[in-house]
Amino acid sequence: MKPQPPERACARRLIVGISGSSGATYGLRLLQALKKTGLQVHLVITPAGWLNLRHETGVTDTQALQLAHTLHASTNLAASIASGSFQTMGMIVAPCSMRTLAAIAHGLGDNLLTRAADVTLKERRRLVLMTRESPLSLIHLRNMTAATEAGAIICPPIPALYQRPASIDEMVDHSVARALDLLGLPQGLAGEWEGF
């Protein structure tokens, strides 16, 4: 199933999901980068996502709310982003836990994040999953395969050492930049590789 190209003419809306995996800083940095694009960002954070966001980044709920156009409760399955009629350019889940990956891979729209991801796939929109886990079990790998076959893009936030990052922030920026590149969005976080 081929996703629609990122340049598709639709409302300038993007869904961001933050699930309960370590790596909440990827979601936070993504929101900060998107704030500069003028996109209408619809954010959904799972309960475990909130725990990690607070613990790993120290960000307050108020600060997180200021980075999105709309924050949707993860329990609200009647939210706008639960419907394919609500036009978006796609969705990024950063980070994407193995539990969330499994739910997406098997079509279990049991919370708003996984329902929005299911809608993104069924509408043939781009779904980028910044999966976080190591090592990977066969179950994880099979779920990644199933999600990919359904149209998702698995984009683990792996440090690109060829860029010779000088800080953790630069490594995070590079991974977030790659996710934004997959949606054809301007990012200003990391340049293209130009060779040696």
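Guide: Arg-99 forms a salt bridge with Asp-110, their closest N and O atoms being 2.4 Å apart; a salt bridge here is a side-chain nitrogen of Lys or Arg within 4 Å of a carboxyl oxygen of Asp or Glu. The model is predicted, so local features need pLDDT of at least 70 and side-chain atom pairs pLDDT 80 or more, while totals for chains, interfaces and linings use all residues. Residues are numbered from 1 along each chain as its sequence is written, and side-chain values use heavy atoms, with hydrogens and water left out.

Arg-99 lies in helix α4 and Asp-110 in the loop between α4 and α5, so the pair ties together parts 11 residues apart in sequence. Helices are DSSP runs of H or I with at least four residues, numbered from the N terminus. Arg-99 is partly exposed, at 45% relative accessible area, and Asp-110 is partly exposed at 41%; the class lies between buried (under 20%) and exposed (over 50%), using a 1.4 Å probe and protein chains only.

Helix α4 (residues 98–105) packs against helix α5 (residues 112–122) at about 45 degrees, with their axes 9 Å apart. Axes are lines fitted to C-alpha atoms over the stretch in contact, and angles run from 0 to 180 degrees between N-to-C directions. Arg-99, Thr-100, Ala-103 and Ile-104 of α4 make the contact with Leu-113, Thr-114, Ala-117 and Leu-121 of α5, contact meaning heavy atoms within 4.5 Å.

Within α5, Asp-118 forms a salt bridge with Arg-115 at 3.5 Å between the closest N and O atoms; these residues are 3 apart, about one turn of the helix.

Key
Helix = DSSP H or I, 4+ residues; strand = E, 2+ residues; numbered from the N terminus.
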